[in-house]
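Visitor: I'm new to reading protein models. Could you walk me through this one, a feature at a time?
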Amino acid sequence: DSPGPESWETLFTGISHLVTPAPGPQRGPAMRELTVVEDAALLVQGGLVAWVGPRRDAPRTPSTRDLGGVAVVPGLVDPHTHAVWAGDRLADFEARLAGVPYEEMLARGGGIRSTVRATAAAPMEELVQLARPRLEALARSGATTVEVKSGYGLDFEAEVRMLRAVRELQSLLSVTLLPTLLIHVPPETGRAAYVQAVCAELIPQVAGEGLAVAVDVFCEREAFTVGETRAILSAARGHDLGVKLHADQFHALGGVELACDLGALSVDHLEASGPAQIVALAASETVATVLPGVTLHLGLPAAPARALIDAGACVAVGTDLNPGSSPLFNAGLALALAVRLNGLTPAEALTAGTVNAAAALGLRDRGALAAGQRADFLALHSPDWRDLVYTLGASPVRDVFVGGERISL
Ligand code: NIG
Ligand code: FE
């Protein structure tokens, strides 16, 4: 079906305030520099933003749509999720509340490893059915682009099945999904051979079948060493895949420095990062992605996002949606938490959840409402965009548009 002239070109009006960062990654104080257009109009042509400005200056078009006088912001980008899993971690949750640390459960073969057992046993169709409502919840919360990681497979067949599930989910959902191969937990025996096979077999297969756009490694005491992480990410580079890391969640082992050295798209978590890591990130293009859902759910320290921005780094925010460390199904709430827990201003949070989160995925075509960008945007319930990061619990998002079309939620 080719789009008719109406969907090809529509002028949106009834926008009390259109609020957007500039296109492309923003770092340091530039994260606070939003453009605000009062009584705005937005022209969409062929799924892209063609023009933005005051309504009185808008070009004449046959098709207009009045949004009713509310705030419009760019669609959110969730740059870090583990939305595909089977089983649950409710017993872990209770055990943690009773005092057993997350790392200790992992060391004892529980935690992530229990999700690996349940996920590896699930057929692809079941993974799709389980993940679909989670991704729909993220979409309702305003996420128009969502990264989804594998990583609960361990054996290669199960990792590939998770990535195939993401491909299937993309055919069912209108938001954009970006699949990442996550090398998450080492096997209990034979880890050197496992790392070797990830590099020589799994990464070439995933790259060859186009099943992922990036490779991520969990660099941590209970997971992969800095040396193993470097080997895996170098192999990913050799196959033209983007590279990312989970680093400094519990211990600053050198994962952040490795990310900066490799020119990774992003390094995520950073709860244990200190002054040396902040200096390294401020001097690098690598996006520092913080995950306040983990701080809330595990009671970990907050990642030093305030200090990172003050030092000049490029900071993004993600939900880290997963059953063990962040059961957070709402991209807007992740931004609201980043304001409370990580000390971002509302303006910085909007930038962190749009253009900077897009940059963490290697994307520069979305996250801002400016000519040439994708027409992914949100109409809020309120005329004041700050409700997006103020509201807790209820949804401040009324309508979600992807490529200029309202999606049903
Ligand atoms: O980003 N830290 C490692 N991986 C995930 C958690 C996965 C899990 O607990 O199931 C994270 O926090
Ligand atoms: Fe994660």
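Visitor: Which residues in H6 meet which residues in H7?

Guide: Keep in mind that this model is predicted. On the H6 side, look for Phe156, Glu159, Val160 and Leu163. Their partners in H7 are Glu201, Leu202, Gln205 and Val206.

Visitor: What kinds of residues make up that contact of H6 with H7?

Guide: Sort them by class and you get 5 nonpolar, 1 polar and 2 charged.

Visitor: And how do I read the way the axes of H6 and H7 cross?

Guide: Look at distance and angle together. Helix H6 covers residues 156-172 and helix H7 covers residues 191-208. Their axes come within 11 Å and cross at roughly 20 degrees. Angles under 35 degrees count as roughly parallel, so H6 is roughly parallel to H7. As for the hand of the crossing, it's right-handed.

Visitor: How many residues of domain 1 are in contact with domain 2?

Guide: 27 residues of domain 1, and they touch 33 residues of domain 2. On the domain 1 side, strand S4 (64-74), helix H16 (387-390) and strand S14 (397-402) each give two or more residues. S14 gives the most, with 3 residues.

Visitor: What is that side of domain 1 like by class?

Guide: The side that touches domain 2 has 16 nonpolar, 6 polar and 5 charged residues.

Conventions: Residues numbered from 1 in each chain as written. Chains lettered and ligands numbered in written order. Predicted model: local features only at pLDDT ≥ 70, side-chain atom pairs only at ≥ 80, totals over all residues. Axes fitted to C-alpha atoms, helices over the stretch in contact; angles between N-to-C directions. Helix = DSSP H or I, 4+ residues; strand = E, 2+ residues; numbered from the N terminus. Parallel < 35°, antiparallel > 145°, perpendicular 65-115°, else oblique. Left-handed = near helix turned anticlockwise from the far one by under 90°. Contact = placed C-beta atoms within 7 Å. Nonpolar A, V, L, I, M, F, W, Y, C, P; charged D, E, K, R; others polar.
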